[in-house]
Amino acid sequence: MTAILILAVGMGMYANHMRHQREVHSLRQSINDSRGILHAIEYGRANLQLIGINPDVWDDRDCSKFLKHELAVAILEHWRDQDAIDHIIGTPGYALDFASDALSFFNCKSAHDFAKICRNQLSVYPSDELRHSVAMLSDAEIASLDTFIRAATSLQSKAGG
């Protein structure tokens, strides 16, 4: 009887250990996901601040192409993760506000304009992730991105007028 009790306690402890390991793994994954989103937020904001601090970077064609490339990547990241970004920052609409600021450096009013610029003007690497990311968007994703870009550009016109 004692052996059965010890076996039952041992199995219970093992099951409890396995449950805790799954919880720890889930928490680690959540932290890693948040880190990736925080990186996107910080990198996008840093690019905007660099342009604000030193607007002369636009005089250097290669530098401006690179910065626009990085802003375009950041716009896509903010669109894809807008709910998580708004939640992490604690400000509803933060991702849209960022996109509004970043899109002020592009001459586009729709997802199709944005995708065309990304495909044709902003390739900076031989196998550029931006070109590939834009080319792989489904029709539904293009529609969603279009809604996001139109909302962001409408914020620009409200702020300007």
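**Entry 1: nonpolar patch**

Which residues make a nonpolar surface patch of about 320 Å²? I looked this up in the model, which is predicted. The patch is made by Leu 5, Val 9 and Met 13. I then followed up one of these residues, Met 13, and found that Met 13 lies in helix H1. Met 13 has a relative accessibility of 58%. The cut-off for exposed is over 50%, so Met 13 counts as exposed.

**Entry 2: negative patch**

Next I looked for charge on the surface. Asp 56, Asp 59, Asp 60 and Asp 62 form a negative surface patch. I placed one of them, Asp 62, in helix H2, which covers residues 61-80. Is Asp 62 buried or exposed? Its relative accessible area is 59%, so I wrote down Asp 62 as exposed.

**Entry 3: the loop between H1 and H2**

I also checked Pro 55, which lies in the loop between H1 and H2. Pro 55 has a relative accessible area of 49%. I took one distance from Pro 55, to Gly 44. The two residues are 11 apart in sequence, and their C-alpha atoms are 16 Å apart in space.

**Entry 4: salt bridges**

How many salt bridges does a search of the whole structure find? The search finds three, and I went through them in turn.

Arg 19 pairs with Glu 23, and the closest N and O atoms of this salt bridge are 3.0 Å apart. Both residues sit in helix H1, four residues apart, so about one helical turn separates them. Arg 19 is partly exposed at 37% relative accessibility, and Glu 23 is partly exposed at 36%.

Arg 45 and Asp 101 meet through their side chains in another salt bridge, at 3.7 Å from N to O. Arg 45 belongs to helix H1 and Asp 101 to helix H4, so this pair ties together parts that are 56 residues apart in sequence. I have Arg 45 down as partly exposed, with 24% relative accessibility. Asp 101 is also partly exposed, and its relative accessible area is 37%.

The side chains of Arg 150 and Asp 146 form a salt bridge too, with an N to O distance of 2.8 Å. Why are Arg 150 and Asp 146 separated by about one helical turn? They are four residues apart in helix H7, which puts about one turn between them. Arg 150 is partly exposed at 45% relative accessibility. Asp 146 has a relative accessible area of 16%. The limit for buried is under 20%, so I noted Asp 146 as buried.

**Entry 5: the nonpolar core**

Last, I turned to the inside. The largest nonpolar core has 36 residues. Which of them touch the most other members? They are Ile 75, Phe 98, Leu 103, Phe 106, Phe 114, Leu 130 and Leu 145. I then listed the helices that each supply at least two residues of this core: H1 (2-53), H2, H4 (94-103), H5 (111-120), H6 (129-135) and H7 (139-160). Which helix gives the most to this core? I found that H2 does, with eight residues.

How values were computed
Residues numbered from 1 in each chain as written. Predicted model: local features only at pLDDT ≥ 70, side-chain atom pairs only at ≥ 80, totals over all residues. Heavy atoms only, no water. Patch = residues over 30% accessible without salt bridge, like charges linked within 9 Å, V, L, I, M, F, W, Y side chains within 5 Å. Areas by Shrake-Rupley, 256 points an atom, 1.4 Å probe, with all protein chains shown as cover. Salt bridge = Lys/Arg side-chain N within 4 Å of Asp/Glu carboxyl O. Lys, Arg positive; Asp, Glu negative; His and termini not counted. Charge placed at Lys NZ, Arg CZ, Asp CG, Glu CD. Buried < 20%, exposed > 50% of the residue type's maximum accessible area, 1.4 Å probe, protein only. Core = buried A, V, L, I, M, F, W, Y, C linked by side-chain atoms within 4.5 Å.
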